[in-house]
Amino acid sequence: MTDTDDLFIREDPIFVNKELLEINHLPDEGRIVGRDEEIGQLANAVNPAIFGQSPSNVLIYGKTGTGKSLCAKYVSGRLIRTAEEEGVTTAYAYVDCAQDSTETQAVQTIASSLNDAAATGINIPDKGISTATYYKRLWTILDTRYDVVLVILDEIDKLDGDDILMQLSRAGEAGKLTSCKIGVIGISNKIKYKDRMDERVKSSLCEREFVFPPYDAQQLGDIMQARSDAFHEGVLDDSVVPRAAALAAREHGDARKAIDILRYAGEIAQSTGADVVREEFVVQARQRAETDRFRELIRGSTPHSRYVLQALTVLSLNEHDDEAFRTTRIYELYEQVCRQEGSESLSLRRVRDLLKEHAFLDVIEQSRYSGGSAEGSYTEHRLLEDPTVVQSVLADTID
DNA sequence: CCTCCACAGGAATGTTGGGCAT
DNA sequence: ATGCCCAACATTCCTGTGGAGG
């Protein structure tokens, strides 16, 4: 091993502290921009936990990238530290309901993230046991290890039922828990989510409600400025942050997207060997952020789910004029895709459900029509993303 | 107002594969 | 090792739906 091996770059010329640009990075206090009031209210709602009492349940609304999960995690984290100083043992569990959409998966995630097999002697398997068993183990874990627990349910509207909310909010009253208290922080980006909630759940979950407004270009700029320490001194061209802020502000004030753009712009600079992040990289970076979000969405989906999407994509690419297609047309093409892949096609009924799932994840949009006189009624499906983008993502998601 | 069509979607039932107790 | 339980996925069967034209 010589110390003059120049095959590898020894020091990153662009980034010093790239973690600052990770999506899940929790900034220190003072780095959360424009959410002081919300943080204060949130803290106030969960404050009783510090004395070992039940925190208020909270529902947070706001579009994606308005800092909802960030603030929820941040407040929960500080609560745990403060409670500890008071001799109260607390913890929080974070569940992304888009990923764990069934009741079972969500309970499993909560239980396994709060469990410590060494301390409790309880094992939480990934699958194979009943929902009731997961609950039973979760209650035991909570009672033996904690005084108060906060459960953050992100994208709660993606959950397939209210059952888990019911269980969590009633656990104490139903005698399932003897000493531990539970607080639920629900996060939704659909305001109307509340309307379709069970009345009993609604009254207990919605003790406090907050709405997070989108960030404006100024705030987005501040947010990125606060994280610009991720880059080496002088590497960021002065025009980069304002440009990225303007782009992200135009797209509904999504801070997550703004930070993604900044990171990608840096990576583009890195891979092209540039020593400065230039303004023109920002535009390319935006494109890349878009495909990345989408790739994440379809990464977890089953092959047939992707074939269905593939069928719709091919239709959209071939016929630019009309961009919405009937279920049956998609199904015909889907059968063709299956033959190419050497796979047995699923039933029409099942494909209808798969399409509905895509609609739920905002990948496609469905609208129902009636043909009128003896023409029946039908549903049309439209891709929400650029077909060429979908095509390229599908192509390299082969695994 | 009723019919007719092309499909939507609810319900029941079957299949698969993993964890669990014995 | 073996049978059992259960969630997730899939199929089959069937009833429900909307609006132009009779």
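Glu 155 turns up in the loop between β3 (148-154) and α6, where helices (H or I, at least four residues) and strands (E, at least two) are DSSP runs numbered from the N terminus. The model here is predicted, so local features need pLDDT of at least 70 and side-chain atom pairs count only at pLDDT 80 or more, while totals for chains, interfaces and linings use all residues. Residues are numbered from 1 along each chain as its sequence is written, chains are lettered from A and ligands numbered from 1 in the order in which they are written, and side-chain values use heavy atoms, with hydrogens and water left out.

Glu 155 is not a glycine, yet has a positive phi of about 50°. Most residues other than glycine have a negative phi. With a relative accessibility of 24%, Glu 155 counts as partly exposed; buried means under 20% relative accessible area, exposed over 50%, and partly exposed in between (1.4 Å probe, protein chains only). Ala 374 also has a positive phi, near 50°, and is likewise a residue other than glycine. Ala 374 belongs to the loop between β7 (364-370) and β8 (377-383), and its relative accessibility of 79% makes it exposed.

Now for the chain as a whole. Chain A comes to 15 helices and eight strands, and its C-alpha atoms fill a box of roughly 65 × 65 × 50 Å along the principal axes. Of its 399 residues, 44% count as buried. Taking contacts (heavy atoms within 4.5 Å) between residues at least 6 apart in sequence, 72% join residues at least 24 apart.

One helix pair can be described in some detail. The axes of α3 (residues 103-114) and α6 (residues 163-170) come within 9 Å and cross at roughly 40°. These axes are lines fitted to C-alpha atoms, for helices over the stretch in contact, with angles running from 0 to 180 degrees between N-to-C directions. The two helices are therefore oblique to each other, given that angles under 35 degrees count as roughly parallel, over 145 as roughly antiparallel, 65 to 115 as roughly perpendicular and the rest as oblique. On the α3 side, the contact is made by Glu 103, Ala 106, Val 107 and Ile 110, and on the α6 side by Asp 163, Ile 164, Gln 167 and Leu 168.

Then there are the aromatic rings. The structure holds four aromatic pairs; rings of Phe, Tyr and Trp (its six-membered ring) pair if their centres lie within 6.5 Å, and planes under 30 degrees apart count as stacked, over 60 as edge-to-face and the rest as tilted. Phe 15 and Phe 231 form a tilted pair, because their ring centres are 5.0 Å apart and their planes are at 35°. This pair links distant parts of the chain, 216 residues apart: Phe 15 sits in the segment before α1 (36-46), and Phe 231 in the loop between α8 (217-226) and α9 (240-250). Phe 15 is buried, at 4% relative accessible area, and Phe 231 is buried at 4% too.

Rings also meet charges. A charge sits over a ring if NZ of Lys or CZ of Arg is within 6 Å of the ring centre and within 35 degrees of the ring normal. Arg 263 lies over the face of Tyr 264, 5.0 Å from the ring centre, and the charged end of Arg 326 sits over the ring of Tyr 378, 3.6 Å from its centre.
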